[in-house]
2 protein chains.
Amino acid sequence: MIKPRTMPGVMELLPRDQIAFQRVLDTIRRNYERFGFLPVETPVMELSDVLLTKTGGETERQVYFVQSTGALEKGGEGVPELALRFDLTVPLARYVAEHEHDLAFPFRRYQMQRVYRGERAQRGRFREFYQCDIDVIGKDSLSVRFDAEMPAAIHAVFSELDIGPFTIQLNNRKLMRGFFQSLGIEDAGFQMDVLREVDKLDKRGVDAVRETLVGEPFGLDASVVQMLLDFVAVRSTGYDDAFARLDRLTGSNAALDAGVAELREVLTRVRQFGVPESDCILNFSIARGLDYYTGTVYETTLDDHPQIGSICSGGRYDDLAGQYTKSKLPGVGISIGVTRLFWQLKEAGLIDTAESSVEALVALMDDEGLSHTLDIARRLRAAGINTEAQMEPKKLAKQFQYADRAGIRFVVLAGSDEVARGAVTVKDLKRGEQFEVAREELAGSLKVELEQWRATQGR
Amino acid sequence: MIKPRTMPGVMELLPRDQIAFQRVLDTIRRNYERFGFLPVETPVMELSDVLLTKTGGETERQVYFVQSTGALEKGGEGVPELALRFDLTVPLARYVAEHEHDLAFPFRRYQMQRVYRGERAQRGRFREFYQCDIDVIGKDSLSVRFDAEMPAAIHAVFSELDIGPFTIQLNNRKLMRGFFQSLGIEDAGFQMDVLREVDKLDKRGVDAVRETLVGEPFGLDASVVQMLLDFVAVRSTGYDDAFARLDRLTGSNAALDAGVAELREVLTRVRQFGVPESDCILNFSIARGLDYYTGTVYETTLDDHPQIGSICSGGRYDDLAGQYTKSKLPGVGISIGVTRLFWQLKEAGLIDTAESSVEALVALMDDEGLSHTLDIARRLRAAGINTEAQMEPKKLAKQFQYADRAGIRFVVLAGSDEVARGAVTVKDLKRGEQFEVAREELAGSLKVELEQWRATQGR
């Protein structure tokens with residue numbers, strides 16, 4: 001006998017949690033489609049030479065390689081031919097380069113699939129997790145206006161997910177670079193080292209970080225460090241405040257001015273997309289991997305749960321697929337790591353176990369009633385109501401108990417009395433009510449109930 | 001520069017085909033949920049000792065094993081710790097055994113995920129493909145009545161997929177065993193050998209199969225072979241005909257009678273579920289792996305495309321998870337291999353490239369109009385209409401051409417004239433019509449159009 005178990009670092013859910021998770025995925029997908037993004041799915045495996053083109057340190061160490069039985073038996077010299085994707089960006093780059101001549105640009109795609117990382121097993125860290133990405137890819141160029149679509153789409157997603165107040169935070173890599181230059185810090189590598197220290201503000205506190213930056217090997221002037229700390233402390237409080245803060249930054253150098261102009265354009269369009277100003281701010285501390293992003297960068301946090309960190313991040317990049325094609329493909333994108341998010345929302349009590357996807361149980365009291373049970377189930381299903389039919393008679397109390405525990409709202413009964421009258425009895429476990437209705441009218445009446453309830457829940 | 005490409009044997013689609021594929025998945029899921037099945041997802045990787053408990057010949061040879069960079073560097077003696085699932089049945093068995101005490105039985109689950117097989121690369125054979133399974137698992141026992149839910153659910157799926165007439169075909173393993181016994185063929189292994197030959201009827205023709213069975217090593221009497229060939233040629237033409245054929249079979253031995261009783265019960269309930277009698281027949285030639293199924297077995301074929309073979313198969317099994325738990329878990333299930341099905345339907349011209357998931361494009365003629373374009377897009381999206389906003393001005397003809405090629409139905413224009421009047425112009429590319437509507441009323445009027453169209457398309 002083998003002990004049934006999964007590997008560590010995967011999230012496997014019981015059905016009612018799976019229903020809740022599926023609703024999160026559905027909401028994300030619905031909103032991505034609403035913003036005009038097109039679906040793409042790629043194979044979970046990529047050829048290793050295609051996947052691992054970058055000289056990746058950490059990332060490559062965490063890759064899962066794949067070998068068929070045959071390949072394994074032949075014995076492996078070198079890197080196996082296949083590997084599991086570790087994000088959706090490299091597969092997107094490969095996809096766009098491969099299908100370049102069949103795609104219309106700007107190419108707007110969403111992709112919601114699982115990715116794999118050989119992480120050290122640890123609570124809340126996942127080796128298999130869903131990413132839900134949107135990207136817009138331009139050919140040769142892509143207007144900065146598209147950077148405004150990311151906050152707009154993300155705002156729609158998180159509003160509908162209804163997980164409490166959140167803030168979409170913007171920064172711009174050119175603005176950061178320009179600001180560093182204005183402080184006399186020109187070297188990009190040194191900028192990155194300094195930013196890494198600044199990133200520890202939350203963990204180490206301002207005094208410790210200040211001490212590090214004035215000490216060796218950084219050796220920055222205390223006044224420079226103070227300007228830096230003031231800069232990264234900037235949070236705007238509304239669109240007008242954001243524009244005013246950007247105005248005050250201009251004139252020092254070209255990179256800074258370019259960053260200011262981009263952020264101004266993005267905020268102007270985000271506002272025109274109707275994102276409330278309380279939900280989208282400037283945060284000059286956001287850096288997000290200096291090596292990859294080149295313009296706008298995004299993070300999103302839950303106001304009441306800052307400890308969760310960013311629940312949705314991304315940014316603008318200059319060239320998506322330089323390793324696969326000579327075409328220049330600039331883009332902007334954002335990603336929700338929804339497995340981790342779901343897990344954290346559940347931990348924080350922000351997501352409940354869902355009601356069942358089953359809306360009605362047709363009860364069965366005795367074998368003679370089976371034909372009626374099946375007929376009633378047929379009618380409900382034909383009307384689009386998710387219905388389970390009780391196939392074997394049980395005590396009615398047990399059937400109610402089952403429906404209650406399973407999160408099924410309606411129990412429909414057709415005893416011989418009801419059958420004789422052409423009626424059914426409906427027990428509404430949500431309202432705690434019971435009513436009788438003609439069998440012909442049952443589906444219609446339950447549909448009305450369900451639609452009314454969905455309307456009051458804002459679904 | 002690396003050539004962007006995927007491994008052989010995977011199906012990667014352009015966006016409009018992906019939309020069509022997604023609609024197939026959505027239809028399957030919607031119908032599975034309508035029949036009261038609950039969603040389950042399992043990790044793509046299982047521990048090898050959990051996955052490979054059976055001494056599998058072919059199946060095990062086709063497994064993909066997974067190793068993290070770390071495990072690979074350590075060097076592999078023996079079987080790697082992880083492997084990709086090759087079906088959804090073994091993960092279901094593991095899931096049910098692992099979560100047995102948290103599940104309500106009969107446990108009704110659906111699962112729609114990709115599975116992996118190291119198949120030889122060949123046109124129309126996939127190494128990665130979606131399976132869409134439903135199963136009902138009982139604890140200790142499971143009424144044969146549940147076997148009637150599979151045809152009912154599958155009938156709903158394929159009716160809604162609208163891929164032409166199809167026939168769900170039923171047989172029963174007990175009935176087959178009993179029939180063989182009535183011919184004096186008692187040995188189960190010998191029965192299996194004979195069935196394998198009978199399975200070649202389509203390919204080899206009746207005379208060649210007859211010759212094989214009367215010859216060595218089979219050595220069956222010509223009269224026995226004739227009875228066998230008559231038996232496997234049985235196709236019922238309606239419920240009454242099916243019951244009559246079953247009646248004629250009874251009385252020879254216990255296994256045969258048990259099979260007849262089960263099929264009778266299943267057909268009775270399938271009929272009560274409202275499955276039309278033209279769509280569900282007896283076919284005594286269906287065997288489906290003698291070693292696994294123990295009662296009802298199912299295949300489904302497209303009437304106009306018999307060469308595609310079975311598009312949905314399954315059956316009843318005695319014990320799902322004997323390798324993981326002492327509990328006896330009988331079940332019944334059915335599976336749609338939707339990647340292959342989609343590919344074949346496309347090859348046969350039964351599935352078109354979908355229209356875009358984007359329903360409206362808001363055009364942009366000049367930069368001054370951008371705030372209006374974004375405002376109109378916001379209103380449409382808020383009303384639930386999938387909308388792309390043109391972010392950079394282009395010639396109007398190009399924007400129409402883009403929408404037309406992309407399969408977007410509505411192009412919405414707000415030039416300065418329209419803006420002054422508080423109106424927009426809508427070009428309906430499907431109807432080839434153009435009309436003007438107040439900006440306030442745009443979303444409502446497009447929703448009506450879209451819903452009417454969906455209603456006429458039966459969506």
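This is a predicted model: local features need pLDDT of at least 70, side-chain atom pairs count only at pLDDT 80 or more; totals for chains, interfaces and linings use all residues.

Reader: Which residue is the bridge partner of A:Thr300 in strand 10 of chain A?

Author: A:Cys312.

Reader: What's the strand order in the open sheet of chain A?

Author: The order is 1-5-6-11-10-9-7-8, eight strands with mixed pairing. Strand 1 (38-39) and strand 8 (280-282) of chain A stand at the edges. Each has a single partner strand, so one side of each has no neighbour in the sheet.

Reader: Domains next. What does the assignment give for chain A?

Author: Domain 1 covers 165-303 and domain 2 covers 360-456. Their centres, taken over C-alpha atoms, are 59 Å apart.

Reader: Now the interface. How many residues of chain A are in contact with chain B?

Author: 101 residues of chain A, and they touch 101 residues of chain B. The buried area is about 8,800 Å², with 59% from carbon and sulfur atoms.

Reader: How many salt bridges across it?

Author: The rule finds 12 between chain A and chain B. One of them joins the side chains of B:Arg5 and A:Asp49, at 3.1 Å from N to O.

Reader: Which element of chain A gives the most to the side touching chain B?

Author: Helix 1 (residues 15-34) of chain A, with nine residues. By class, that side of chain A has 45 nonpolar, 25 polar and 31 charged residues.

Reader: Which strands pair between chain A and chain B?

Author: Strand 3 (residues 64-68) of chain A pairs with strand 3 (residues 64-68) of chain B, antiparallel, over five bridges. A:Val66 stands opposite B:Val66 there.

Notes. Residues are numbered from 1 along each chain as its sequence is written. Chains are lettered from A and ligands numbered from 1 in the order in which they are written. Side-chain values use heavy atoms; hydrogens and water are left out. Domain bounds come from an automatic or database domain assignment. Two strands pair if DSSP finds at least two bridges between them. Helices (H or I, at least four residues) and strands (E, at least two) are DSSP runs, numbered from the N terminus. Contact means heavy atoms within 4.5 Å. Buried area is the accessible area (1.4 Å probe) that two parts lose on being put together, summed over both. A salt bridge is a side-chain nitrogen of Lys or Arg within 4 Å of a carboxyl oxygen of Asp or Glu. Ala, Val, Leu, Ile, Met, Phe, Trp, Tyr, Cys and Pro count as nonpolar, Asp, Glu, Lys and Arg as charged, and the others, Gly among them, as polar.
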